[in-house]
Number of protein chains: 2
Amino acid sequence: MTQRASTLGVAIVGCGTVGGQTALLLTREAEAAGSRMGPRLELRHVVDVDYTHARELGLDEALFTAELEQALADESVGAVVELIGGTTVAKAVIEHALRAGKCVVTANKALLAHHGPELYALARRTGTCIAFEASCAGGVPILRALCDGLLANRIDAIYGIVNGTCNYILTAMTRRGQTYADALAVAQADGLAEADPALDVAGTDSAHKLAILAALAFGGRVDFDRVPVTGIDSLDLRDLRNGQELGYVIKLLAIAIRQGEGLLLRVCPAFISQAHPLAWVSGPFNAVSVYGHATGHTMYYGRGAGGRPTASAVVADLAAIALGTAQRQFDELGVWPDRTAPANQLPLSDAESRYYLRVMCDDHPGVLARIATILGRHDISISSVLQHEPMPGREADAVPVVITTHRAMEGNVSAALGEVNALDVVQAETVCIPIVEEYPEDM
Amino acid sequence: MTQRASTLGVAIVGCGTVGGQTALLLTREAEAAGSRMGPRLELRHVVDVDYTHARELGLDEALFTAELEQALADESVGAVVELIGGTTVAKAVIEHALRAGKCVVTANKALLAHHGPELYALARRTGTCIAFEASCAGGVPILRALCDGLLANRIDAIYGIVNGTCNYILTAMTRRGQTYADALAVAQADGLAEADPALDVAGTDSAHKLAILAALAFGGRVDFDRVPVTGIDSLDLRDLRNGQELGYVIKLLAIAIRQGEGLLLRVCPAFISQAHPLAWVSGPFNAVSVYGHATGHTMYYGRGAGGRPTASAVVADLAAIALGTAQRQFDELGVWPDRTAPANQLPLSDAESRYYLRVMCDDHPGVLARIATILGRHDISISSVLQHEPMPGREADAVPVVITTHRAMEGNVSAALGEVNALDVVQAETVCIPIVEEYPEDM
């Protein structure tokens, strides 16, 4: 439904942190944007099972609508904002809304990563559209960059810090020397990590966002279940310190790289040069580096979560629906994964990168030679070795040998580390962290 | 003219660096963006007086069209790209194109800063539109952020590094300790500064971009002639070093701050904390920090000049014209300065900031007290003082006293410095550089 009326009626479903702030931006704060907005957005319904938060915010109780059906039956409603989260009820709500001829705005990355193409196809059949700027990097208009500002580019690579909780924890570990457990506890106390932080720290949330970003940037449908994910929950402070000594900062990166005819997708903690702009992104901030064949490196930075930044993205999508631009883009661009072919997702063994390795081994003569020999046999060339003197009186303990490699295939590295770990002189599983280099600009 | 045809015919006027790369993106490299683009863009005419560069690029000679009128008479042409530069011929070309019913894309910041409202009004009368993403920050889609992604926000402040030449020179001065003259010479040798660098180093180019950005962000018409501008050409390496010692980096900033009911606009070299993201922006890169009332701080980073990044922005605008989204935004949004009231531009004396001062004075007892007394009388509170021991054997020379102030009104600072400079113990005009603090996020 192409909306170009001067007023768009809106129903918000789910009035939590983001829903509440969206409601405020549409009502009490509607004057903030002033006349810049153009078409008016009018909040007509707030649908939830519990209005405690909505009342705390002082929203007009006349907006509270107990039944979704009631909101959908309102012909003045042109757009439904789904802010329930999760992949079950939220999916049903969106399907209902689309079938009722309403455009949908959502911040639900998990749902879109798993069921995006199916929902987009439904929107297409019902002549509506789905807008989801709020699903990635909160208030940062990164989807608009990919689908509009950078449209002339072949996108070659994306490196994103897209989970504020993880970045907050890693910043605390790096700058304050806290262990992962301590940093997580502080993040939880500060309200920056959930009581159950699994979705964030295991990297799953970042992978959801990567799946959405990569599909739009590379114009291919992403199979979320085939995105390899490593979280930050097993990171050891020692490795962060070793990395710093070598000039690197650790970040949880969502990575998408065009490699030949394929697409390499992964989420993992990675070292990045202290000189790279992403290294500066600290605390709860997000940033996404995009390498286009014409623009070279561009980066988008801001608060990736929180009620107000996310609500800002939701309202921008509503404005685009009211203007009709969201529908045009949804109808005409070749980026939406219900209409694109499956991306050629490469196995992780095809990843090519530099690597940081920490081998815990006996302090015996010849150990390094044995490790180097194994690496060499697997076509892995050593770039640097860092081995500190053992602590006096602790000569019997395992000694960390830190090795950085030149570019190598991850499959070769895995095979080599299997052999290294099996050596009798190696006392623990070798730590392996990719080192991300500045992507070469194809200018 | 609302374009929604599946093909948009394009005429490029001016085939220099940007024009040539735009032509390449539309022809030989059209496949790079693949099917993401949606509607097709077809280059129909390249209009110039000299086709040497066009031939070097291997453009199809059948495209070369000697007369603008010929291109405008071609009904298949829906958009004209003006890449001549300057404010005379370029203006006439754009007016011709608009009157012929063609949409216009331009990168011409000088023209838009001076004559934007007049041209937008003409476009409105002829039912066309003007798109100018390429006029600010090259390949960085900053106008789209302001007019689309951040539309729900009251924009409170903008700090932009929008001139790559200046940033390259300042980076060289900061990192390599080069003088301004030496750094400029290197920039010229590297092709990063014009033989006549006046427009860049005097800050005029940055001011053009600021006028465009501020008008869209704050929804008010900007009188370019009332934007105070200071360039980088009189910067002294000593001040950069003193600033570094205090934890600051110098940047040429384009600043727009909402202050009460007014708007404070200025371009000037300013110190910024080494912890601020803009401090990391080095070499020829640009970045714009935008503070929205809902998003807080967001930043947009990338190459602000050069043929390919700028051409990327031009083609994005052409795609938006082909989609019809550019016309919708031009018709409906309340940001275009032909339809907004004049901005309430505050005089520079109303600027409120911290300041860095370097007073060159005799090394006599009581001098600092006299300076401090003057500052105090003008309501300027001192934050720190830095005075090095005089060099042995050079006690008679003037001694630099470096003072940083707390927040003060620039009018008061000017008045105070008038008195300071008139002191018999002060030997040279006092250097005064604003210190930009992190804008407080209104979250």
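Two strands are counted as paired where DSSP finds at least two bridges between them. The legends below describe close-up views of a predicted model.

**The parallel sheet of chain B, made of six strands.** The strands follow the order E3-E2-E1-E4-E5-E6 in an open sheet of chain B, and their pairing is parallel. Strand E3 (64-65) and strand E6 (130-131) of chain B are the edge strands; each has a single partner strand, so one side of each lacks a neighbour in the sheet. Within the sheet, strand E1 (residues 7-13) of chain B runs parallel to strand E2 (residues 40-47) of chain B, and seven bridges connect the pair. One position in this pairing is Thr7(B), which lies opposite Arg40(B) in E2(B). Strands of a sheet are held together by backbone hydrogen bonds, in either a parallel or an antiparallel arrangement.

**The interface between chain B and chain A.** Contacts involve 55 residues of chain B and 55 residues of chain A. On the chain B side, the elements that supply two or more residues are helix H6 (142-149), strand E11 (296-303), helix H12 (307-323) and helix H13 (325-332). Of these, H12(B) gives the most, with nine residues. The side of chain B that touches chain A consists of 27 nonpolar, 19 polar and nine charged residues.

Among the facing positions, Met299(A) is opposite Tyr301(B) in E11(B).

**The symmetry that relates chain B to chain A.** Chain B is superposed on chain A by a rotation of 180° with 0.0 Å of shift along its axis, and the RMSD is 0.0 Å. This is the relation of a two-fold axis. Because 100% of the interface residues of chain B are also interface residues in chain A, the copies meet through the same surface.

The buried residues of H6(A) are Ile142(A), Leu143(A), Arg144(A), Ala145(A), Leu146(A), Cys147(A), Asp148(A) and Gly149(A). From chain A, helix H10 (204-218), strand E10 (285-292), E11 and helix H13 (325-332) pack against these residues, together with H6 and H12 of chain B.

**The domains of chain A and the contact between domain 1 and domain 2.** Chain A is divided into domain 1 (7-139 + 308-332), domain 2 (142-303) and domain 3 (351-436). A distance of 27 Å separates the C-alpha centres of domain 1 and domain 2 of chain A. Their contact draws 16 residues from domain 1 of chain A and 17 residues from domain 2 of chain A. On the domain 1 side, the largest share is seven residues, and helix H5 (residues 109-125) of chain A provides it. The side of domain 1 of chain A that touches domain 2 has eight nonpolar, six polar and two charged residues.

**Strand E14 of chain A and its antiparallel partners E12 and E13.** Strand E14 (residues 399-405) of chain A is mostly covered, with six of its seven residues buried. Strand E12 (residues 352-361) of chain A pairs with E14(A) in the antiparallel sense over six bridges. Strand E13 (residues 382-387) of chain A also pairs with E14(A) in the antiparallel sense, over five bridges. Val402(A) in E14(A) is the bridge partner of Arg358(A), and Leu386(A) likewise stands opposite Val402(A).

The expected span of a helix is 1.5 Å times one less than its number of residues. For the 15 residues of helix H10 (residues 204-218) of chain B this gives 21 Å, which agrees with the 21 Å between its end C-alpha atoms. H10(B) is mostly covered, as 14 of its 15 residues are buried.

**Ala185 of chain A in helix H8.** Ala185(A) is part of helix H8 (residues 180-189) of chain A. Ala185(A) counts as partly exposed because 14 C-beta neighbours lie inside 10 Å; a residue would be buried with 20 or more and exposed with 12 or fewer. Ala185(A) and Pro347(A) are separated by 162 residues in sequence and by 35 Å in space, C-alpha to C-alpha.

Note on methods: Residues numbered from 1 in each chain as written. Chains lettered and ligands numbered in written order. Predicted model: local features only at pLDDT ≥ 70, side-chain atom pairs only at ≥ 80, totals over all residues. Helix = DSSP H or I, 4+ residues; strand = E, 2+ residues; numbered from the N terminus. Contact = placed C-beta atoms within 7 Å. Nonpolar A, V, L, I, M, F, W, Y, C, P; charged D, E, K, R; others polar. Domains from an automatic or database assignment. Least-squares fit on C-alpha atoms with pLDDT ≥ 70 in both.
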